[in-house]
Amino acid sequence: MRLPYLLALTLPFLVSASLEDQTVFSGSSPAMVKEPSKDELYTPLTSSQPTLSDLLTIESSASIYFSYARETVFSKEFEEEGGQQLTLLVPTNKAVMALGRKPHQGPAPVESGIEITEQQYDEQSQRNVVRWVAAHIIPSRVSLSDVPVTYNTMLDGKSVTFAPASGAGKDSAHWSRVTLENGVRILGMKEGANGVIYIIDGTVHPN
């Protein structure tokens, strides 16, 4: 009679110990560790080409244009890899320095001697910069294989015409065989992920 009585007393302890052993075993089992799936593995995003902003950053011969462009909303589009394709007509520093009136100054005032506040001057300068930068941006990639051809710029009412350049050799690069704005020559071309840059030896007049 003692055996059933002892079993009744010890059975709860045996069951509890068995459950504890199972819990420890389950928690330490390597089979319960979740391995990351292939979809969850991190894959860094890379681009095979630099953006227009990257190209302008390292183009020391056109740093003045980029300095002006960074003051405008257009500079954000220079950084977007998957954004709109652009064509930038980028003047050399020498071409900008040769201007009688710098881009922020705009055209000469019709009436001289008019006084304006410092705030008005800053606002006018900003508008002049935006217009000048926009006149050098074509909102698409251009094709220079069949010229003359005209493209609108991002400045309302302003277009740029590419025409055949005199004296250009047939074996030279296609972009070197055209001029724009009545004689402005293209000195170089750089391809970016979001467009193309043409380095020019003059400027595009916004007026």
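Which residues form a nonpolar patch on the surface? They are Ile114, Ile116 and Tyr121, with about 320 Å² of accessible area together.

## The model

This is a predicted model, in which local features need pLDDT of at least 70 and side-chain atom pairs count only at pLDDT 80 or more, while totals for chains, interfaces and linings use all residues. Residues are numbered from 1 along each chain as its sequence is written, and side-chain values use heavy atoms, with hydrogens and water left out.

## Overall layout

The protein chain has 6 helices and 7 strands. Their order along the sequence is α-α-α-α-β-α-α-β-β-β-β-β-β. Helices (H or I, at least four residues) and strands (E, at least two) are DSSP runs, numbered from the N terminus.

Of the 207 residues in the protein chain, 34% are buried. Buried means under 20% relative accessible area, exposed means over 50%, and partly exposed lies in between (1.4 Å probe, protein chains only). The accessible surface of the protein chain is about 13,800 Å², and carbon and sulfur atoms hold 56% of that surface. Accessible areas come from the Shrake-Rupley method with a 1.4 Å probe; for residues, only the protein chains shown count as cover.

## Helix 6

Helix 6 covers residues 118-134, which is 17 residues. From its first C-alpha to its last it reaches 24 Å, close to the 24 Å expected at 1.5 Å a residue. The expected span is 1.5 Å times one less than the number of residues.

The buried residues of helix 6 are Ser125, Asn128, Val129, Trp132, Val133 and Ala134. They pack against several elements, including helix 3 (63-69), strand 1 (86-91) and strand 2 (137-138). Contact here means heavy atoms within 4.5 Å.

## The surface patch

Isoleucine 114, part of the nonpolar patch, is found in the loop between helix 5 and helix 6. Isoleucine 114 is exposed, with a relative accessible area of 56%. Patches are made of residues with over 30% relative accessible area and no salt bridge; like charges are joined within 9 Å, and nonpolar side chains (Val, Leu, Ile, Met, Phe, Trp, Tyr) within 5 Å.

## Paired strands

Strand 3 (residues 149-152) and strand 4 (residues 159-164) pair in the antiparallel sense over 4 bridges. Two strands pair if DSSP finds at least two bridges between them. Threonine 150 has threonine 161 in strand 4 as its bridge partner. The hairpin of these strands has 6 residues between them, and in this hairpin glycine 157 takes a positive phi near 85°.

Strand 4 also pairs with strand 5 (residues 178-180), in the antiparallel sense over 3 bridges. Here the bridge partner of alanine 163 is threonine 179 in strand 5.

## Salt bridges

The whole structure contains 3 salt bridges. A salt bridge is a side-chain nitrogen of Lys or Arg within 4 Å of a carboxyl oxygen of Asp or Glu. One of them joins lysine 190 and glutamate 59 (3.5 Å, N to O). Lysine 190 lies in strand 6 (residues 184-192) and glutamate 59 in the loop between helix 2 (52-58) and helix 3, so the pair ties together parts that are 131 residues apart in sequence. Lysine 190 is partly exposed at 33% relative accessibility, and glutamate 59 is buried at 16%.

Arginine 141 forms a salt bridge with glutamate 191, with the closest N and O atoms 2.7 Å apart. Arginine 141 is in the loop between strand 2 and strand 3 and glutamate 191 is in strand 6, 50 residues apart. Glutamate 181 forms a salt bridge with lysine 158, with the closest N and O atoms 3.5 Å apart.
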